[in-house]
Amino acid sequence: MKVKIIIILLAVYLFSGCSTPSDQIKLDFWHAMADPKDKVLNVLVSDFEKQNPGIKITTQYVGNYDVLLQKLLASVAAGNPPDIAQVYENWTTRFVEEKAIVRIEDFFSRDYDKEKDLQDIYPVFLKNNSYDKKLWTFPFNKSIYVYYYNEALFKKEGLVPPKTASEFLNICTKLTKRDESGKVVRYGFGFRANIDIFAIFLYMNKGRFFNEEETKSTFNNAVGRETLQFISDLYNKYKVAEYSKDYLDNDFASGRLAAFFATSPHRSYLEPLVAFPLGVAPLPAGKVKAVPIAGTNLAIFEKKKKTAGREEACFRFIKWLSGSENNVKWAIGTSYLPIRKSAAENPAMLAHLKKKPFDAVGIHEIENAVPDPRLKCWQEVRIYIGEALEKVLLQRESPGVALDEAAKKVDALLAR
Amino acid sequence: MKKNDNFTAYLFLLPSIIVIAGFHIIPTVYSWYISMFNWDLISKHKEFVGFANYGKLAVDLDFWKSLFNTVYFALGTIPAGIILAFLIAYGLSKKIKGLNIFRTIYFLPVVTSINAVGMIWLWIYHPDAGILNWLLGLFGVSAQRWLLDPVFALPAVMLMSIWKSLGYNVIIFLVGILSIPREYYEAAEIDGASGFAVFRNVTLPLVMPSVFFVTLISLIGSFQTFTQVYMLTPEGGPLKSTTVLVYYLYKNAFVFFKIGYASAVSFVIFVIIFALTLLQNKYWGERIHYEN
């Protein structure tokens with residue numbers, strides 16, 4: 001009798017052990033992909049799990065990018081970070097310094113088709129994820145700025161999207177409409193009053209934020225002043241543009257704005273809102289063709305407690321996710337850029353681009369892409385330059401004074 | 001026996017003590033400690049700087065601006081909020097038609113999520129499509145840019161705050177007014193007191209404890225203002241015009257990751273609120289008639 005009970009207990013013990021295999025690796029993946037992008041991500045994750053039954057990935061939407069950074073820093077400080085998370089380059093600088101993340105190069109260098117990847121992934125992304133010539137993070141959801149416009153309106157007025165800065169101003173002027181009382185009922189252009197609009201025009205004018213070594217500000221030189229003056233003129237002098245602190249989607253959808261700049265995947269938020277045909281065009285060229293890229297990369301976080309195979313499993317997932325076939329699914333579902341040439345040329349991608357020529361606009365802009373600076377203090381720099389822009393828009397200060405003030409603060413940070 | 005009683009009492013208090021110590025007292029004291037360091041939240045090394053963060057605060061114009069904005073916010077919201085709430089409560093204490101509907105309407109904003117409320121007020125303040133500019137337009141007032149205008153942004157946040165907390169204050173006052181025993185009114189009537197005299201000499205003095213309570217929590221609340229500002233002006237203003245103390249703390253802690261500096265700000269906020277509470281208690285303590 002006793003033996004029987006022991007056998008039963010043993011069997012229960014063993015079988016219950018089988019139902020949840022203890023050798024399964026569980027990974028947490030923190031992201032900032034709001035609806036509907038998270039759906040695309042979750043489908044990919046469950047595909048991965050089907051192909052890799054030994055790995056279970058829990059995706060967690062933690063909020064927007066600001067919140068993601070706050071939670072990542074807090075979790076690193078508390079010694080309990082996720083396994084994988086989206087990170088911007090300037091965050092990575094911080095994490096590399098504190099050894100909070102695992103160097104992807106360590107796995108990538110041993111990968112069987114590393115050479116193929118190096119040829120295939122767009123160089124701008126590889127460079128942007130490398131620190132001291134080693135790959136620390138892996139490109140994931142990369143996007144690029146495009147010109148969104150109200151196609152119906154452009155057609156009615158017989159206009160095509162601007163190709164140069166002067167055409168841009170011309171179109172803004174033509175499409176700004178006033179009622180009998182002189183009140184503007186539609187602006188030719190809209191922008192959010194933060195650093196992004198300044199970056200777009202600065203790069204276009206062949207300007208940069210810092211010198212090559214990133215030790216000194218250059219955004220307050222003649223090019224920077226001219227750039228800021230132009231943005232201010234759109235609003236204050238020509239009165240052909242409106243600015244906001246908030247997203248511009250609703251103003252655009254209701255017809256109060258004829259056009260605005262936003263990143264390529266923004267299309268998925270806009271399409272359900274607009275009742276008119278949506279147009280997407282490359283940014284106009286200034287002195288040069290140069291377009292800021294945005295979007296994040298994937299990092300593997302360091303854990304105090306070492307689990308066998310955890311880091312390998314993370315890399316396996318990242319590698320799988322960025323593979324041509326899955327990258328295409330991701331790009332088609334979200335309008336993020338394909339990160340490799342083979343994905344951009346994939347038959348499924350080409351078929352999609354034929355249906356949605358919009359998404360090709362961003363892909364063609366990759367060759368002109370300019371990545372953001374990667375300084376640890378970039379978040380602060382963004383705010384100081386945003387404040388300068390605001391002072392100029394409100395006509396409290398001239399571009400020269402406002403930018404010099406910001407540069408003084410930024411240079412103090414750089415000197416540290 | 002006495003000793004035993006104390007022990008039992010402490011045993012019952014223990015759950016609260018653990019929670020308050022764990023989530024209030026220990027973090028507060030720890031943040032005082034952190035304010036002596038320069039730290040970015042993830043560095044293993046914390047640089048000890050003594051009281052240098054407080055020295056920096058003393059000459060930080062942005063800090064003084066945020067303190068000014070906070071005081072401005074308190075002055076703009078508390079008296080107006082209290083007077084308005086009192087008048088409404090007084091009205092609701094009378095037997096009028098649809099009493100419950102009015103009470104619900106006034107209380108609704110209090111229980112509505114600040115996020116939802118924020119979205120609606122963003123729309124109300126929209127310079128082109130907002131209902132406020134449309135409404136003012138009917139009276140010939142020209143359109144304002146509200147949250148984009150450094151002069152109007154903070155008053156716009158104040159207006160939403162008053163509206164949001166009005167219902168709570170109304171309830172406190174209403175309870176205060178309704179709990180005044182009928183005998184006092186009857187006595188006043190027999191003495192030949194008329195409407196305003198009754199209000200002045202019976203109602204008002206007996207509601208003073210409620211007024212004290214509401215003033216105190218409004219004052220503390222206004223020094224802790226953050227969410228309203230963050231919802232309407234996520235960047236703390238045009239030209240920092242809505243950057244109040246707690247927003248300034250948040251920006252230093254969670255945008256710039258200057259944890260030591262932010263902790264110094266938090267200590268200053270602590271001292272201000274503590275001092276205000278003591279002062280108020282002293283001032284009002286002697287002037288309130290508590291109903292026995």
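Author: In this predicted model, a salt bridge joins the side chains of B:D40 and A:R94, with an N to O distance of 3.7 Å. That distance falls inside the cut-off of 4 Å applied to such pairs. Side chains of opposite charge can pair when their charged atoms come close. Across the interface of chain A and chain B, the rule finds six salt bridges. For polar contact, ten residue pairs are found across this interface, both residues of each pair being at pLDDT 80 or more.

The elements of chain A that give two or more residues to the side touching chain B are α3 (65-77), α4 (89-97), β11 (241-244) and α19 (378-393). Of the side of chain A that touches chain B, α19(A) provides the largest share, with seven residues. Sorted by class, this side of chain A comprises 13 nonpolar, three polar and 14 charged residues.

The extent of the contact may be stated in residues and in area. Chain A contributes 30 residues and chain B contributes 25 residues. The size of an interface is often given as the accessible area lost when the parts come together. Between chain A and chain B, the buried area is about 2,500 Å², and carbon and sulfur atoms give 54% of it. Three residues, A:Q70, A:E98 and A:K245, account for 22% of the area that chain A buries against chain B, more than any other three residues.

Read from the N terminus, the elements of chain B follow the order α-β-β-α-α-α-α-α-α-α-α-α-α-α. Along the principal axes, the C-alpha atoms of chain B fill a box of roughly 75 × 75 × 30 Å.

Turning to the rest of the structure, one finds 34 salt bridges over all chains. One of these is formed by the side chains of A:D83 and A:R310, at 2.6 Å from N to O. A:D83 is in the loop between α3 and β3 (84-87) of chain A, whereas A:R310 is in helix α14 (residues 310-322) of chain A, so this pair ties together parts that are 227 residues apart in sequence.

Chain A also contains a parallel strand pair: β1 (residues 25-31) and β2 (residues 55-61) of chain A are joined over seven bridges. Within this pair, A:W30 has A:Q60 in β2(A) as its bridge partner. The path from β1(A) to β2(A) passes through helix α2 (residues 37-51) of chain A, and this β-α-β crossover is right-handed.

Two points of backbone geometry complete the account. Most residues other than glycine have a negative phi, and most peptide bonds are trans. The peptide bond between A:D35 and A:P36 is cis, with omega about 10 degrees; A:P36 belongs to the loop between β1 and α2 of chain A. A:K239, a residue other than glycine, has a positive phi near 55 degrees. A:K239 is placed in the loop between α11 (222-236) and β11 of chain A, and β11 of chain A is among the elements that give two or more residues to the side touching chain B.

Terms used:
Residues numbered from 1 in each chain as written. Chains lettered and ligands numbered in written order. Predicted model: local features only at pLDDT ≥ 70, side-chain atom pairs only at ≥ 80, totals over all residues. Heavy atoms only, no water. Contact = heavy atoms within 4.5 Å. Buried area = accessible area lost by both parts, 1.4 Å probe. Polar contact = N/O pair within 3.5 Å; in protein donor to acceptor, adjacent residues only side chain to side chain. Helix = DSSP H or I, 4+ residues; strand = E, 2+ residues; numbered from the N terminus. Nonpolar A, V, L, I, M, F, W, Y, C, P; charged D, E, K, R; others polar. Pairing = 2+ DSSP bridges. Right-handed = clockwise from strand over helix to strand, strands pointing away.
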